[in-house]
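Dear colleague,

I am passing on the structure we spoke about, and below it you will find my notes on what turned up. Please read them with the coordinates open.

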Amino acid sequence: MRRLICILLFYPFTLSPLSAQTLEEYQQAAERNYPLIQQYGLIEKTTELTVANLQKGWLPQVSATAQATYQSDVTAFPEQMQKMYQTMGIDMEGIRKDQYRIGIDVQQTVYDGGAISRQKSIARQQGRVQAAQNEVNIYNVRKRVNEMYFGLLLTDERIALNKDLQRLLEQNEKKLASMVKNGTAAESDYLNVKAERLNVAQQMTSLLAQRQTLTRMLGAFCGRPTPNPSLNGGEIIPIKPEIQKSMEYLLPSLQGGAGGGSRPELRAIDAQLRLTDAQEKALSVGLMPRLRVFAQGFYGYPGYNLFEDMMRRKFSWNGMVGARLTWNIGALYTQKNDKAKLNVQRSALQVQRETFLFNNHLEQIQQNENIERYRKLMADDEAIISLRSAVRKAAESKLAHGIIDVNDLLKEINNESAARVSRSMHEIQMLKEIYDLKYAKGEK
């Protein structure tokens, strides 16, 4: 996935104006243009910063303090001892109740039981989980592009068929105009055909408006905004996949059963499972001892030499170095429950995986059935069109000889047009089901 992202970022994909493009090219452009593509860099940067901060746990930890206190009582010599010192001419003032200290404390971790290492591992795995979830969101872009792309293909097919129907009606309109002049046809027949042609022209206006909407949506998705596309279709010209190649290269791989193992949703679940593994390993760290060395120093009163401070009551420099071993066994109380919670999370993720695979399998079954249904329908489409065309031509001949009226002719023309529309719809819908099946299997 990272390799694909690098290709998309460093080799920008451009769609040239008024050039035909394949579905795969539009999918790549949409993924590159989708705002979430930037999230990969943000996740990676956040993970790097988190790991860098954790690594700083091995640096010396320095803290500075300033303290002033007043105590209710202090360390003092017994009264008999003070009297003895006075007889010797020594005035023992004792420790003052007001005390002051300004100091610095430095601690260096020598052994942490693997805590920092485990925390870094968890941080990296959390980044992978976020990246995997982001991949799921970007993968969903492909399905949205499929919807718009095949919608645009179907609209283009209907526009082409509408133009053919208009030409056919126009030809019959001209024939009837000539027959009206010769007195072999009523003017109402001519007007009826003309009205039908204008009605079909109105449908063209709706189809062009629909194409404009799809063009603008797909263009915006792929980073090609078309604020004022012309009614002749704008700049987006999709290429219809070849039905034979689609059947040859996409369907054979599906004969061996349902797929879906390469879907990003499953990779996201795997990343979450690895995160629970990292978290479980970190539980044992809580039972390990910690070893630190430290150095303390302060300037204040009293210092470490209390006897000297009792006599002179002056500020002094004081320092201490040492090592400290701590072992907190409190984690034993909760470790069992913490592991049980992680096992519950694993079970929930496994259920989530099984549910996804189950639903994905059902989706593929439905798509396979739809593909087979459209394949069977398409097998008869050409024959139906051929028969409807022959009937329409016969109706034109009958109308010229006065055997039928113009309504019968219009009926046959519309029947032929409906048959051609059905063939185009079956073909486009079958192609869409094939690519939706490819999407469901997670195939690029």
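In this predicted model, L218 touches Y26, V145, M148, Y149, L152 and I236, once its neighbours within four places in sequence are set aside. L218 is also, together with Y26, V145 and F150, among the residues with the most contacts inside the largest nonpolar core, which has 20 residues. At least two residues of this core come from each of α2 (23–33), α5 (115–182), α6 (187–221) and α11 (406–441), and the largest share, eight residues, is supplied by α5. Another core, of 16 residues, lies apart from that one and includes L169, Y190, I404 and V406.

Helix α5 also holds Q166, whose side chain makes a polar contact of 2.7 Å with the side chain of N162. Beyond its neighbours within four places in sequence, Q166 is in contact with R197, V200, A201 and M204; for V200, which is 34 residues away along the chain, the C-alpha atoms of the pair are separated by 6.6 Å.

The buried residues of α8 are P264, E265, L266, A268, I269, A271, L273, L275, T276, A278, L283 and V285, and they pack against α5, β5 (290–301) and α10 (331–400).

With best regards

Terms used:
Residues are numbered from 1 along each chain as its sequence is written. This is a predicted model: local features need pLDDT of at least 70, side-chain atom pairs count only at pLDDT 80 or more; totals for chains, interfaces and linings use all residues. Side-chain values use heavy atoms; hydrogens and water are left out. A nonpolar core is a set of buried Ala, Val, Leu, Ile, Met, Phe, Trp, Tyr and Cys residues joined through side-chain atoms within 4.5 Å. Buried means under 20% relative accessible area, exposed over 50%, partly exposed in between (1.4 Å probe, protein chains only). Helices (H or I, at least four residues) and strands (E, at least two) are DSSP runs, numbered from the N terminus. Contact means heavy atoms within 4.5 Å. A polar contact is a pair of N or O atoms within 3.5 Å; within protein, one must be able to donate a hydrogen and the other to accept it, and residues adjacent in sequence count only if both atoms are side-chain atoms.
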